[in-house]
Amino acid sequence: MFAAIFNIGWAATQVSHMAMVNCISLNSTSRVALTSSRNAFTMVANLGLYAIALVVFGVIKAGSKEDTETQYRWIAYSSITIGCCFVVIFLMGTKEPRLRIDLKQTSRARIPWVYWFRKLLYYQVAMVYLLTRLVLNVSQAYLAFFVIDDLQMDQSAKALVPAIIYICSFVVSVLLQEIPWNGRRLKAYYTAGGIIWIFCGAAILLLPRDISSFMYAISVFIGIANALMMVTAISMQSVLVGAEVGGCAFVCGSLSFLDKMSCGLALYVLQSHQTTSPRGQLNNNNQQSVYLSVTRYGLGLVPALCSFVGVAVTFFMELEAAGSLSKPLLREPLLE
């Protein structure tokens, strides 16, 4: 019940925050820069959670199960409190900007849902965004289990490997803000991220336990690929919306609904085939060989296949002929 309540609030926050990007600017490069900034601060929030956990683990020592529960309870309390503070600052401290351009230049009236269903680009962008979310969410769900259960690395690795991914994603997200964007570059950078993930997935499928330290190197490329794919996939939504900002909330909301449903189904199917504990297989020399567990499939095969399909769909997109990318740079619609 609490998970369902949380996701209702999270969906409302996520959709409205993503829709703001299209309302703030009509400039394609500015929209990608805003999306990159959004993704960068998401990584900052994830790293901030690690900092909170480090402080809590240092102050409260876990000598029993009750102590461990207390640790995680304080981590949750601290995270919720800090998050609420930032929400209050945003709602109370952000001044509503004035319109700089004439309303006639943009379509701010409510657009019927059927309008988007008639556009081929809507289905293409929906497929790319859905696949990208599958890559990120499924891989994130199985990362810690793969590091500890399959590779049998130290307990610290289940925190260090995600931290490396977040740091690399943050750096790439910051760098993406400095690039002038168009439809061709969006497709190229998404393709680059997808190809990197395909190689990472193959490496994860074949990575044996005796060289598990290579997972740290793989995590660097995963972080780079995640940022490239996430930023460009969300930016494709902005291309779809274009100047018709009256329908951006529906586009973001419908695509988020698809991504949550698909991720839930994917994880359900994978978990239904999961055994209680991964068992290694011995080769002729009685040495541990690669065991293709469901965890390894979830972290390696599923993201790689989704990346491949996403790259294929992106190849057939016509972003140059859609939205504001085919037009000269427009003035910002809002003025502080």
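D259 sits in helix α9, where helices are DSSP runs of H or I with at least four residues and strands are runs of E with at least two, numbered from the N terminus. D259 is buried, with a relative accessible area of 3%; buried means under 20%, exposed over 50%, and partly exposed in between, using a 1.4 Å probe and protein chains only. Apart from neighbours within four places in sequence, D259 is in contact with Y129, R133 and N137, contact meaning heavy atoms within 4.5 Å.

Please keep in mind that this is a predicted model, in which local features need pLDDT of at least 70 and side-chain atom pairs count only at pLDDT 80 or more, while totals for chains, interfaces and linings use all residues. Residues are numbered from 1 along each chain as its sequence is written, and side-chain values use heavy atoms, with hydrogens and water left out.

**Overall make-up**

- The protein has 10 helices and 2 strands.
- Starting at the N terminus, the order of elements is α-α-α-β-α-α-α-α-α-α-α-β.
- Of the 336 residues in the protein, 41% are buried.
- When contacts between residues at least 6 apart in sequence are considered, 82% join residues at least 24 apart.

**The nonpolar core**

- The largest nonpolar core holds 68 residues; such a core is a set of buried Ala, Val, Leu, Ile, Met, Phe, Trp, Tyr and Cys residues joined through side-chain atoms within 4.5 Å.
- Two or more core residues come from each of α1 (2-24), α5 (120-150), α6 (157-176), α7 (183-206), α8 (214-241), α9 (248-272) and α10 (294-315).
- Helix α5 supplies the largest share of this core, 17 residues.
- The residues with the most contacts inside the core are L134, V147, W197, I204, M215 and I222.
- Which residues does W197 touch, not counting those up to four places away in sequence? They are V135, S139, I204, I222, A225, N226, M229, L299, P303, A304 and S307.

**How α5 packs with α10**

- The axes of α5 and α10 are 7 Å apart, at an angle of about 160°; axes are lines fitted to C-alpha atoms, for helices over the stretch in contact, and angles run from 0 to 180 degrees between N-to-C directions.
- The two helices are therefore roughly antiparallel, on a scale where angles under 35 degrees count as roughly parallel, over 145 as roughly antiparallel, 65 to 115 as roughly perpendicular and the rest as oblique.
- The crossing of α5 and α10 is left-handed: the near helix is turned anticlockwise from the far one by less than a right angle, whereas clockwise would be right-handed.
- Their contact involves 17 nonpolar, 7 polar and 2 charged residues; Ala, Val, Leu, Ile, Met, Phe, Trp, Tyr, Cys and Pro count as nonpolar, Asp, Glu, Lys and Arg as charged, and the others, Gly among them, as polar.

**How α1 packs with α8**

- Helices α1 and α8 cross at roughly 50°, with axes that come within 10 Å, and are therefore oblique to each other.
- This crossing of α1 and α8 is right-handed.
- On the α1 side M18, V21 and N22 take part, meeting I234, Q237, S238 and V241 of α8.
- By class, that contact has 4 nonpolar, 3 polar and no charged residues.

**Two more residues to look at**

- Q152, in the loop between α5 and α6, has a positive phi near 55° although Q152 is not a glycine.
- Most residues other than glycine have a negative phi.
- Q152 is exposed, with a relative accessible area of 54%.
- A192 belongs to helix α7 and is partly exposed at 31% relative accessibility.
- A192 and A225 lie 33 residues apart in sequence, and their C-alpha atoms are 7.6 Å apart in space.
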